[in-house]
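Good morning, and thank you for making time for this.

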Amino acid sequence: MASSASVGASARVDLDGNPIKPLTICMIGAGGFIGSHLCEKLMSETQHKVLALDVYNDKIKHLLEPDNLPWHGRITFHRLNIKHDSRLEGLIKMSDLTINLAAICTPADYNTRPLDTIYSNFIDALPVVKYCSENNKRLIHFSTCEVYGKTIGSFLPKDSPLRQDPAYYVLKEDESPCIFGSIEKQRWSYACAKQLIERLIYAEGAENGMEFTIVRPFNWIGPRMDFIPGVDGPSEGVPRVLACFSNNLLRGQPLKLVDGGQSQRTFVYIKDAIEAVTLMIENPARANGHIFNVGNPNNEVTVRQLAEMMIKVYSKVSGEQPPETPTIDVSSKEFYGEGYDDSDKRIPDMTTINRQLGWNPKTSLWDLLESTLTYQHRTYAEAIKKVIAKPVAS
Ligand SMILES: NC(=O)c1ccc[n+]([C@@H]2O[C@H](COP(=O)([O-])OP(=O)(O)OC[C@H]3O[C@@H](n4cnc5c(N)ncnc54)[C@H](O)[C@@H]3O)[C@@H](O)[C@H]2O)c1
Ligand SMILES: O=c1ccn([C@@H]2O[C@H](COP(=O)(O)OP(=O)(O)O[C@H]3OC[C@@H](O)[C@H](O)[C@H]3O)[C@@H](O)[C@H]2O)c(=O)[nH]1
């Protein structure tokens, strides 16, 4: 099987050996964490054109300027909010493929801004699906591993041996149920909105023949994820865990473990995950009609173990001593507020993506943290020193 990434740009072939035709891709949410890495990959390794739509472009500025970049003319930025912009349909019509990444996707928002979360993840995605269906355009939609919610095993007694049986916790696209908490646990507003848009896309495929692929990312992490509060984001903002812990490390503060850091996650390096998305883009016959878990089942840790590893790696890359009190426990109510709840464990089943696209992640958790924290230190350490030195206005 020929790898699409291993051959030169001029002679690139898909997984079945057919030459890859250059596509025009309408990428919505291109200015975010995943979008910025996908744009980088598409510009440096392929001949595809990208219409990059977002309200911000800070994370892709290096791809847009200056004019003499080798991919000049293949990427154009369109500053627009898909909630209310009549240009959206035209841009989808001009493209061969639409990729929708736009979303509110930070857990601190799910229980505190549930309306914005539901609108962003369901209502705002509706016109994108409609325009793709009506205009016979292919759609790659970004959903989430959160649609699985909690594992079946989490409902078994604590000492049940069945908890060790993968049948009770491995998450399979075509078999696992979606298990959310009660309505007052507003954490699940995001997962529920994502689930309904998945069902709508699936139904468009079944009833109207729309060509679609749904991606369920399992904690993709790497450089440019979210923001560092008080530097390139609001001081009171709460980003996802990688940026929360990076912020604590940069400031020499203890890392906060929500409810003791007992939840488990599998983390995958963004650059590995982007390889999977590129395969989906360039192998429509293998990707259409499928839902794909994209994660790294070998990189499982509790949040406490993640914190401990990040402390060690940061000390290595920065040359600084770890904080005297490395971690502290905080309750979820104190950290996220009322209505928070959590996924207990997230191991992706890899059968579908292995079979359809032959993809496997490569990077260990230690290695991906080393490159990511090197980036965080290089990008933010000086800025943090300045913020800390600034006298607080009285
Ligand atoms: N990073 C992960 O591990 C992860 C995990 C599961 C799911 N996802 C999903 O992947 C997608 C991308 O995630 P990300 O980590 O890059 O998030 P991100 O927040 O970095 O990127 C989302 C981008 O969408 C843009 N956007 C939001 N609403 C918009 C609107 N109305 N109009 C125009 N642009 C808008 C934002 O400005 C942002 O740049 C999301 O759908 C998210 O739910 C990501
Ligand atoms: O400072 C912190 C931040 C977070 N946490 C914990 O770390 C874990 C991971 O938190 P993240 O912020 O990365 O978010 P989650 O993994 O819960 O959800 C994410 O999963 C997939 C995507 O859809 C979203 O990007 C997001 O919802 C949670 O258990 C959270 O409670 C801490 O213990 N301390």
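Helices (H or I, at least four residues) and strands (E, at least two) are DSSP runs, numbered from the N terminus. What you see is a predicted model, in which local features need pLDDT of at least 70 and side-chain atom pairs count only at pLDDT 80 or more, while totals for chains, interfaces and linings use all residues. Residues are numbered from 1 along each chain as its sequence is written, chains are lettered from A and ligands numbered from 1 in the order in which they are written, and side-chain values use heavy atoms, with hydrogens and water left out.

Let me begin with the record: an unreviewed UniProt entry annotates residues 25-295 as "domain: NAD-dependent epimerase/dehydratase", with positions given in the numbering used here, feature names shortened, and the caution that annotations may be inferred rather than shown by experiment. That span is 34% helix and 18% strand, and its end C-alpha atoms lie 24 Å apart.

Now to the interior, where buried means under 20% relative accessible area, exposed over 50% and partly exposed in between, with a 1.4 Å probe and protein chains only. A nonpolar core is a set of buried Ala, Val, Leu, Ile, Met, Phe, Trp, Tyr and Cys residues joined through side-chain atoms within 4.5 Å. The largest such core has 67 residues, and those with the most contacts inside it are Ile99, Trp220, Met280 and Val294. Helix α9 (residues 270-282) gives the largest share of this core, eight residues. Apart from it lies another core, of 23 residues, among them Cys26 and Phe122.

Two strands pair if DSSP finds at least two bridges between them. Strand β5 (residues 138-142) pairs with β7 in the parallel sense over four bridges, and β7 pairs with strand β12 (residues 290-294), also in the parallel sense, over five bridges.

Finally, ligand 2: an oxygen atom of this ligand is 2.9 Å from an N or O atom in the side chain of Asn219, and a nitrogen atom of ligand 2 is 2.7 Å from a polar backbone atom of Lys256.

Terms used
A polar contact is a pair of N or O atoms within 3.5 Å; within protein, one must be able to donate a hydrogen and the other to accept it, and residues adjacent in sequence count only if both atoms are side-chain atoms.
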